[in-house]
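Subject: Handover of a structure

Dear colleague,

I am passing on the structure below, which I have been looking through and which you have not seen before. My notes on it follow the sequence and the model.

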Amino acid sequence: MKNHLADIRKEYLKGHISVETMPSNPLEALQTWVNQAIEAEVEEPTAMNISTVSKDNIPSSRQVLLKEIQSEGLVFYTNYNSRKGQEIANNPNVAINFFWPALERQVRVQCIATKISAAESDTYFYSRPKTSQVGAIVSNQSEIIASDLDLEGEIQRILERNNEIKRPANWGGYILKPNYFEFWHGRA
């Protein structure tokens, strides 16, 4: 059976970008588009694909969730020992991409990633549900686990102990300081 991927076509009719109406500050424009994606109730409106590069110059991409837009850049949280954390430590140049198909919009951003302060990481960590806090403690991102049961069992053991939960030093936020933006909106 022959695949007809080249025959798949879509009409883009939901609007267009007008340079006159876009905010001059690209972070403000991005905030506007994120807000519109939230208001439109698109699936995962804050999801962004982040690409990092290994020591061997091999790119790697994955989805993360945007948690804040500050005047200096975009913030997300992760395990610093994960593959993305290790690659950022080696090369802080990253690319991110937001894609909202329902709105026929996309934003590409090139950035420099740096860790945010421990205090900022603490503030966000302790705002999360307790199960998410424990999940950050027991999950060794990018590592092979024996089974889901092992991970779930460890989460339950920590929750049952009811001890004070502390943010692990290997978990926290990054601020992505942009140096390039590209806004795309489909049009006829």
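What covers the buried residues of α1? The cover includes β3 (68–69), β4 (74–79), β5 (93–100), β6 (105–115) and β7 (171–185), where helices (H or I, at least four residues) and strands (E, at least two) are DSSP runs numbered from the N terminus.

Two cautions come before the rest. This is a predicted model, in which local features need pLDDT of at least 70 and side-chain atom pairs count only at pLDDT 80 or more, while totals for chains, interfaces and linings use all residues. Residues are numbered from 1 along each chain as its sequence is written, and side-chain values use heavy atoms, with hydrogens and water left out.

Helix α1 spans residues 26–39, and its 14 residues reach 20 Å from the first C-alpha to the last, close to the 20 Å expected at 1.5 Å a residue (the expected span is 1.5 Å times one less than the number of residues). Its buried residues are Leu27, Ala29, Leu30, Trp33, Val34 and Ala37, buried meaning under 20% relative accessible area, exposed over 50% and partly exposed in between, with a 1.4 Å probe and protein chains only. They cover an arc of only 155° around the axis, which puts them on the same side of α1; the arc is that of the directions from the helix axis to the C-beta atoms. At the start of α1, a side-chain oxygen of asparagine 25 comes to within 2.8 Å of the backbone nitrogen of leucine 27, and after the helix follows glutamate 41, whose phi is positive, near 55°.

Elsewhere, serine 60 sits in strand β2 (residues 59–65) and counts as buried at 11% relative accessibility. Leaving aside residues up to four places away in sequence, serine 60 touches Ile50, Ser51, Thr52, Arg83 and Glu87, contact meaning heavy atoms within 4.5 Å. Arginine 83, in helix α2 (residues 83–90), counts as partly exposed at 38% relative accessibility.

Methods: Polar contact = N/O pair within 3.5 Å; in protein donor to acceptor, adjacent residues only side chain to side chain.
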